[in-house]
Every structure is written in C-alpha cells, then in structure tokens.
Amino acid sequence: MPVRTINERVAVVVDGHSTGALLAPAFTAYGIGAVHVENRAERSEAHLRTFAPETYRACYAYEGDLGALVGALRPHQVGWVVAGTDSGVALADRLAAALGLPGHNDPATSAARRDKLEMQRALARAGVPAAWHEAVTTAEAARTAAARHGGAPVILKPLRSGGTDGVLLCADPAEAARAAGKLLGSATIYGERNDAVLVQEYLPGDEYMVNCVSARGRHTVLETWRSVKTVVGTSPVYDYTELLAPDDPSARSVAAYVGRALTAVGILWGPSHTEVIVTPDGPRLVETAARPQGTADLSAITRATGRNPLTETVHALLDPDLYAAGGPPPPAPRRAARGVSFICPRGGRLRRDLDWAPVRRLPSFHSLLAPAPRAGEYIAPTTDLFTRPGAVYLIHEDQDTVERDHATIRRWEAEGFYDIEEGG
C-alpha cells in the first residue's frame, strides 16, 4: 500500500527504474504522491527488476495509444512528469505536453535527448564543439567511415541505448567493420533493433560525469565526478569514478561546457546526467540523458556532499523559481568519495560464491551493489555496466585510505577473487 499524502497532486514517473525507482519515494518525502507509467515499447529486463510498484498510487502501461494513456491519467491531478530512465525520456515529453503541463521539455526536440546521432547534430547546430560522428548501416560503411578519418581509433555504439551497452573501441577500420557487423541487427538492452550504429571519434583524455537539474532552462550543477575507464577486450568499462570539488579547475571548465550542451539538446526542466571527455582541444560530449544517473547510491552521495540528485530534482520541480534563479551552489565534498566497479576478466562457471566480507571490512567501505551469480552459475566477463559483478562506494575523510582500498580490490581480483572453472 503506497504512502498517502494530503496534497492530491501527483507526479507521473515514466519508467521509474534503476535510480529512477527512487523518484516516487522522493516525491512522497515532499508530500506529493506518484503514479507510474511503463513504456512497453522499450523494455529492459535488467531495469524492470528494479521496479517498485508499491511506491505508487497507481500504475499504467503505454502500448502506443497516447490518447488512451492521457485519458487514464486525467482523474489524477498531475502536476509533473519526469523520466526515470532512458526509455522514459521521449514519452515523458509527449505526455507532459498532452496533459498541458507548464514545465516540460519540448517533444519536438526529444530525439536530441535520446538518439546519439541527433544529439551530436544538435550540438553542431548550436555551435557547441562536438566529436566527429557518422551513422552507418553496413559493416563496410563503418570501415569506410573509420578510414575517412585517418584510420585512427573510433568508438562504435548503438544510436539508442544506455549503460555502455554495445559501446566498442575499435583500433582501425577493419576492427570497426567487425564491430559494426556484430552490432547491426542485434538488440539493445531496450529490445530495439540496431538498424544503424554510430561511428564516433575516439576522444583521448579524462572523462567526467556531471549531474544537473534544470528549471526554465537554467542548469544547476549538483556534482561532478571524474571517471576512469579501462579496456577489456574491445569494450571500455568503468574502473572507478571520483568526486571533485566544484572549484576544481577541470570541474569548472566541464560545467560550463555541459551547460551549453544541455541547452543545445533542449533540456529546460528536470534531471540530467552528462558524460564529457576533456580532449587536448577542449571538452567534448560523449552523451547526455534527461534522467537521473543510473545505479547511483544516494546514501553515498548524500554522505559525501550533503545533497543528492533525486531530492534536488524534486525540489527543483516543486520550487522552480529557486533553481531558475541559479539554484544553490554545488556543495564542496565533505569526504573523499570513489565509486569502484568490479571487473571480471573472463567468463565461466563459478566454483564458489564471491566473498564480499573482506570488501565490507575495508576502512572506507560505504555500500555494495553485488548482483553477481552464485556458485555453480555462469559469470560473464565484464564488458559494460550490466555485466559487472558488483560495485562499491568507498568514502572516507582521508583520500589516501580510499586509494589504498581501491588498490586492494584490484589486487584481490588479480589474485583469485573470481574462482572460475578452467575451460568454463
């Protein structure tokens, strides 16, 4: 039974999955109930497992008939519509417009917030520096595109997906052709067929993640994380992310660029999660999304900064005047914080359960996400966020302690943390 509130207005959450599953409790904490809409045109089994129907007053499904959905929602006093994850972005825009709500992103520009090709084109139209990019529909076209740009390394990715799904680093045109042949015709995590893929310039440099909330087109930076990736096979996977102080020179430069990028893709309202690489030529957008950061531990972010993106999102929607005027400044980190992904080097059958007890005893341990299979089951090699066997937040007053604990985890992984059958 969902928590009732005195205020009869409700917020509609479209695909409240992953971190977006916490939007409904966040609205409830502010005295606003929530209603859920599931976009059945795009379904991710990994995300569906995070759905919490008990947190909503009512749940509806969208199967292509927007008018029917609007009619079903009319009895509710809907004040806001927000996407919980990528699959909800475009539908949230259309639904808010159809309901006549004043604060929403324009459905006419939704593609720039969902399709990676349209996203890069929107930046180019707005004069925001962007990586070179090209959509291809054949493996040979991918080879040609990579060769046309000097044969340097390129990134291939689906046009519409998320969580590093299908993102491949290719060293040369031949590898780009092989990767395109693998991706074309396959399905994304949302069940959509990859009829085209994006060939994009490989961007050398440090990567940053920036969480923002927007109101009336004014973008407030909530926190900036520096991301460090490693390459497993041909897949770039996350090693760790580290929280930066807002006055860090890199954080300030990236924040200014992100503001221009969010405006270019038409984000006026609500949360956003943006990834940027600072190249020798300056910041370049990897991608942005008009939804909260996925798989984030809000307790860790709150402990490290005193705030978190979900409550800030709800606050900005309920009190847009504050955020449209510039919003509260990004908080200085209270503690050193690092999010570390576990990286399984190869696939096979586990001989024993992964032993998380030593991880929990690390001095900087805060919390653990451990979706790994059990003994006797197959564990996949880590190639993206969906195949990592776990992740841990390390938070401590002492930066050196965090770094030592991170190094300890990598040493454990190299020394047999994954007990996998030979030939398994």
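**A walk through the predicted chain**

Let's start with charge: the protein chain carries 44 positive and 49 negative side chains, and the centres of the two sets sit 2 Å apart. Here Lys and Arg count as positive and Asp and Glu as negative, with His and the chain ends not counted; each charge is placed at NZ of Lys, CZ of Arg, CG of Asp or CD of Glu. Keep in mind that this is a predicted model, where local features need pLDDT of at least 70 and side-chain atom pairs count only at pLDDT 80 or more, while totals for chains, interfaces and linings use all residues. Residues are numbered from 1 along each chain as its sequence is written, and side-chain values use heavy atoms, leaving out hydrogens and water.

Now the overall build. The protein chain has 13 helices and 18 strands (DSSP runs numbered from the N terminus: helices are H or I with at least four residues, strands E with at least two). Its radius of gyration is 21 Å, close to the 22 Å that the globule rule gives for 424 residues, so the chain is as compact as a globular protein of that length. That radius is taken over C-alpha atoms, and the rule is 2.2 Å times the number of residues to the power 0.38. Of the 424 residues, 54% are buried, meaning under 20% relative accessible area, against over 50% for exposed and in between for partly exposed (1.4 Å probe, protein chains only).

Next, zoom in on helix H5, residues 116-126. Lys116, Leu117, Met119, Gln120, Ala122 and Leu123 are its buried residues. What do the buried residues of H5 pack against? Their partners are strands S5 (133-136), S6 (154-158), S8 (197-201) and S13 (282-289), plus helix H8 (249-264), with contact meaning heavy atoms within 4.5 Å. At the start of H5, a side-chain oxygen of Asp115 comes to within 2.9 Å of the backbone nitrogen of Leu117. Just after H5, Gly127 adopts a positive phi of about 75°.

Finally, two loop residues. Ile343 lies between strand S14 (336-341) and strand S15 (348-349), and is buried at a relative accessible area of 13%. Leaving aside residues up to four places away in sequence, Ile343 touches a set of residues including Thr230, Val237, Tyr238, Pro389 and Tyr418. The C-alpha atoms of Ile343 and Pro389 are 6.9 Å apart, though 46 residues separate them along the chain. Gly150, in the loop between helix H6 (139-148) and S6, is exposed at 68% relative accessibility.

Notes:
Polar contact = N/O pair within 3.5 Å; in protein donor to acceptor, adjacent residues only side chain to side chain.
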